[in-house]
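I opened this entry to look up the nonpolar core and the pockets, and I kept notes as I went.

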Amino acid sequence: VVVTGEWAGIACVEVVPEARRQGLATRIVNTALAWAVGHGADKAYLQTMRTNEAALTLYRRYGFVDHHDYRYLQPPTATSQ
C-alpha cells in the first residue's frame, strides 16, 4: 500500500498457492487499509488483472468497483517493422 495525500493505493497482493483460501489476503488488505487510514488516507484505489477472479471477488467485498482499464503498449518486434 502507498499513501499519497488522502489516497491509498493497493497493488501486488499475492498469496502463495499452498496458503490460499485461509484468509491471508483479507488480513493483508485489512492491515494495509488500516495503516493507510492511520497515515491520512480516506479513499483507496487498487490495481489488479481483470482475469484474476479471486482478487476481484476479494476486492468487491470492500466495495471496490471497476473504474477504468489500462492499455499496455509493446514496442514493435523486428518482424513487425
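**Contacts, core and pockets**

I began with Leu 58 and, leaving aside its neighbours within four places in sequence, I found it in contact with Ala 25, Thr 26 and Val 29. I keep in mind throughout that this is a predicted model.

Next I looked up the largest nonpolar core, which has seven residues in all: Leu 58 and Val 29 again, together with Ile 10, Leu 33, Ala 55, Tyr 59 and Phe 64. I noted that helix H1 (24–38) and helix H2 (53–60) each supply at least two residues of this core, and that H2 gives the most, with three residues.

Sorting the lining of the largest pocket by class, I have eleven nonpolar, four polar and four charged residues.

For the second largest pocket I recorded about 470 Å³ of space and a lining of 18 residues, of which Arg 20, Ala 25, Ala 54, Ala 55 and Leu 58 lie nearest its centre. H1 and H2 each supply at least two residues of this lining, and H2 gives the most to it, with five residues. By class, I have the lining of the second largest pocket as nine nonpolar, five polar and four charged residues.

I also marked Leu 58 and Ala 55 as members of the largest nonpolar core that are listed among the residues nearest the centre of the second largest pocket.

Conventions:
Residues numbered from 1 in each chain as written. Predicted model: local features only at pLDDT ≥ 70, side-chain atom pairs only at ≥ 80, totals over all residues. Heavy atoms only, no water. Core = buried A, V, L, I, M, F, W, Y, C linked by side-chain atoms within 4.5 Å. Buried < 20%, exposed > 50% of the residue type's maximum accessible area, 1.4 Å probe, protein only. Helix = DSSP H or I, 4+ residues; strand = E, 2+ residues; numbered from the N terminus. Contact = heavy atoms within 4.5 Å. Nonpolar A, V, L, I, M, F, W, Y, C, P; charged D, E, K, R; others polar. 1 Å grid on protein atoms, 1.4 Å probe; cavity = no way out; pocket = protein on both sides within 12 Å on 5 of 7 lines; lining within 4 Å. Points joined across faces, edges and corners; volume = space filled by probe spheres on them.
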